[in-house]
Amino acid sequence: MKLYNTMTRKKEDFVPLVPGEVKMYSCGPTVYNYFHVGNARPFIVFDTLRRYLQYRGYKVTFAQNFTDVDDKIINRARQENTNESAVSEKYIQEYFRDADGLNVRRADYHPKVTEHMEEIICTIRKLEERGLTYNVDGDVYYDTSKFVEYGKLSKQNLEELEAGARVDINEVKKNPFDFALWKKQKPGEPAWESPWGLGRPGWHIECSAMSMKYLGETIDIHSGGQDLIFPHHENEIAQSEGASGKPFARYWLHNGFININNEKMSKSLGNFFTVREISEKYDLEVVRLFMLSAHYRSPINFSAELLDQTKNALDRLYNAKANLEYLLGQAQEKPATTEEQALKSALPGYKEKFIEAMDDDLNTADGLAAIFDLVRDVNSRVKAESSKEVMQFAYDLFMELTGVLGLLYKKEEGLDAGIERLIAERQKARKEKNWALSDKIRDDLKAQGIILEDTPQGVKWKRTN
RNA sequence: GGCGACAUAGCCAAGUGGUAAGGCAGAGGACUGCAAAUCCUUCACCCCCGGUUCAAAUCCGGGUGUCGCCUCCA
């Protein structure tokens, strides 16, 4: 498989450090609010990468942190007259609720900053021992001038960065790009004991400390949004490699942004939609498919119109699934017809196309095209009372490929007896050509969210949404 | 100022040297009591100008336009 590595700015063959095993870390949310659609993209994309790597036989160990110590959390706690842990605990739960809706699976580890003070302090001490830090009255900073490779990920050099002007003025720091490893406690803020006095960790150190704890000093894949390249990931490299003396991550993956009217969606700009809001109007699976319908590194625009398009595309996949399940129920043990044989021999080709696409830097858009090709082929070649063997083969492959993308996870509930009876009644009415009654029943059921379709193979039902 | 991305049909979006995938929407047709689903057919001067090449959406140069990072940020 090839992956685009931000470090080298090239697609590279993916070769994990230990054959057959992948260690990956993804920067997780700061839990002070519901997450927005922009946050959802890396969750979905890297969940898909994880699924695909597993599909290809790798044993994947995946860690994604929760940042539960942060100015924003502190502010939120003050606003709501509560404490920081109440805020972070609440939004961790809300994260899982939305992530579940998006079919983003739990990581193997979801470490929290508050539970890793020891490791964080230990990492800072290592940096201190190596002379990479300085202490200004209880604030500990990383001395970026001491890390010669600083800037290697973002391809920035310190002088050019300085010319950029948009740097906060902090007289205390030796260099504008030095960053806090440990912040001295301010009145009313949560704080922990440390060799430098009471305080809390800077933002970047947590990822270094927790990644090393759970995945080791050198990991295979580190991922996140493009805006994290500088300074967050640059700083993580300085911290982790500064402390361990070993390469931190072998492949750096960064997803592109979600735009609203061609402008970045962000919490700071205020032009964002939370996933929770979206879930009131759309099934979240629509959001998942939306994210996968473009390459993960491309910017994508977000709008209701696009979600509607995506919803219709998703319906096509669900229709195909329902169609296959229905036919499978009717299928018989019998030799395949010529058409069915043609289908069966074509199926491996779709799988190959899918794998080829996904192997190319996780090209989910092309992977989906392979799935839609398969759908058309199945739809056009399969008839009632098909060969069970071929139907099962087709169904299994369809579910296998959509499953790798984390799609088609909605469970269908059965119909209750009352509705079953109405459907039977309508069938009787149709047989008697009582169209008025049969149409009325169909309309009534539609009002209840049940759509009936009279296909050549018989009557089928599905739920709206 | 530095670093970087993008520009393909009405809307989304693949394709990085051999003559344009896929989805949505639209049109026509088949099937159907009707509807739906499904199938078939149909729908692209690949931002502009040069260059390289037998051959360019694809490579090179130059434009134009849009966006991102350099400040918390997915």
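This is a predicted model: local features need pLDDT of at least 70, side-chain atom pairs count only at pLDDT 80 or more; totals for chains, interfaces and linings use all residues.
Residues are numbered from 1 along each chain as its sequence is written, chains are lettered from A and ligands numbered from 1 in the order in which they are written, and side-chain values use heavy atoms, with hydrogens and water left out.

Okay, overall layout. Along the principal axes, the C-alpha atoms of chain A fill a box of roughly 90 × 50 × 35 Å. The domain assignment gives domain 1 (2-137 + 145-164 + 203-301), domain 2 (304-404) and domain 3 (417-463); those bounds come from an automatic or database domain assignment. Taken over C-alpha atoms, the centres of domain 1 and domain 3 are 50 Å apart.

Of the 465 residues in chain A, 51% are buried. For the cut-offs, buried is under 20% relative accessible area, exposed is over 50%, and partly exposed is in between, with a 1.4 Å probe and protein chains only. On contacts, meaning heavy atoms within 4.5 Å, take the pairs in chain A at least 6 apart in sequence: 78% of those contacts join residues at least 24 apart.

Now the cores. In soluble globular proteins, nonpolar side chains tend to be buried together. A nonpolar core here is a set of buried Ala, Val, Leu, Ile, Met, Phe, Trp, Tyr and Cys residues joined through side-chain atoms within 4.5 Å. The largest one has 86 residues, and L49, I221 and F354 have the most contacts inside it. Helix α1 is its top contributor, with 9 residues. And where does this core lie? Domain 1 and domain 2 both give residues to it, so it lies between them. If you click on L49 and skip its neighbours within four places in sequence, you'll find it in contact with M1, L3, M24, I221, L253 and L362. Apart from that core lies another one, of 38 residues, including V113, I120, W182 and L228.

Next, cavities. The structure holds 3 of them at 30 Å³ or more. Cavity here means a set of points, on a 1 Å grid over the protein atoms alone, where a 1.4 Å probe fits but cannot get out; lining residues have an atom within 4 Å of a point. Grid points are joined across faces, edges and corners, and the volume is the space filled by probe spheres set on the points. The largest cavity comes out at about 60 Å³. Its lining has 13 residues, with F43, F62, Q64, Y95 and V104 nearest the centre. By type, that lining is 7 nonpolar, 3 polar and 3 charged. α1 (37-55) and β4 (59-64) each supply at least two lining residues, and α1 gives the most, with 4.

Over to helix α6, residues 205-215. Here 9 of the 11 residues are buried, so the helix is largely enclosed by the rest of the structure. Among the buried ones are E206, S208 and S211.

F248 sits in the loop between α7 (229-244) and β10 (249-255), and at 0% relative accessibility it counts as buried.

Last, some backbone details to check in your viewer. There's a cis peptide bond between F230 and P231, with omega about 0°, and P231 lies in helix α7. N81 isn't a glycine, yet its phi is positive, about 55°. You'll find N81 in the loop between α2 (71-79) and α3, and at 75% relative accessibility it counts as exposed. K155 is another non-glycine with a positive phi, about 60°. K155 is in the loop between β6 (139-142) and α5 (158-163), partly exposed at 45%.

How values were computed:
On a 1 Å grid over the protein atoms alone, a cavity is a set of points where a 1.4 Å probe fits but cannot get out, and a pocket is an open set with protein on both sides within 12 Å along at least five of seven lines; lining residues have an atom within 4 Å of a point. Ala, Val, Leu, Ile, Met, Phe, Trp, Tyr, Cys and Pro count as nonpolar, Asp, Glu, Lys and Arg as charged, and the others, Gly among them, as polar.
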